Amino acid sequence: MSGTGVGAQSRALVIIFGLLCLLLQSEEAHHGTEYVVGDDKGWDLYPEVSNWGKDKHFKAGDVLVFKYSNPLFSVAAVDAKGYQSCSAKGHLKKLYNSGHDHVVLNKGQNYFICNVIDYCGYGMRIAVHAE
């Protein structure tokens, strides 16, 4: 009887090991490519920042890194209406303010604005699509 118990335990360990391997693979797949928003200029008020992601192809799980040193700046993840109106009020999904924010992209449209009054209107916002 003890022989069959050892065999069942061995099969169970193999199954558990296989499931762990699958889990680790899916975790690795989730962590995508890192992109620094604004490249060398970072997350700052300059005309090109709103067009920064236009020529890039993002995937769900890719990470946007918002780098900024101005203590007044922040990054507000908002919905489409918040992006269009340049207002996080009532449209905020999450607020980041570390100066080195890592944001994992969700599948579909992702919207980000500067939460400083008027900066979004001057172009400090991005919309990116992740496949």
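## Burial and surface

Of the 131 residues in the protein chain, 34% are buried. The model from which this value derives is predicted. The chain exposes about 8500 Å², and 57% of that area is supplied by carbon and sulfur atoms.

## Secondary structure and contacts

The protein chain contains 2 helices and 7 strands. Read from the N terminus, its elements follow the order α-β-β-β-α-β-β-β-β.

## The three-stranded sheet

An open sheet is formed by 3 strands, arranged in the order β1-β2-β5. Its pairing is mixed. The edge strands are β1, covering residues 34-36, and β5, covering residues 100-104; each of them pairs on one side only. From one strand to the next, the twist averages 25°.

In general, the strands of a sheet pair through backbone hydrogen bonds, in either a parallel or an antiparallel sense.

## Pairing of β1 with β2

Strand β2 spans residues 63-67. The pairing between β1 and β2 is parallel and extends over 3 bridges. Within this pairing, Y35 has L64 of β2 as its bridge partner.

In the sheet order, β2 stands between β1 and β5, while β1, as an edge strand, pairs on one side only.

Technical notes. Residues numbered from 1 in each chain as written. Predicted model: local features only at pLDDT ≥ 70, side-chain atom pairs only at ≥ 80, totals over all residues. Heavy atoms only, no water. Helix = DSSP H or I, 4+ residues; strand = E, 2+ residues; numbered from the N terminus. Buried < 20%, exposed > 50% of the residue type's maximum accessible area, 1.4 Å probe, protein only. Areas by Shrake-Rupley, 256 points an atom, 1.4 Å probe, with all protein chains shown as cover. Pairing = 2+ DSSP bridges. Axes fitted to C-alpha atoms, helices over the stretch in contact; angles between N-to-C directions.
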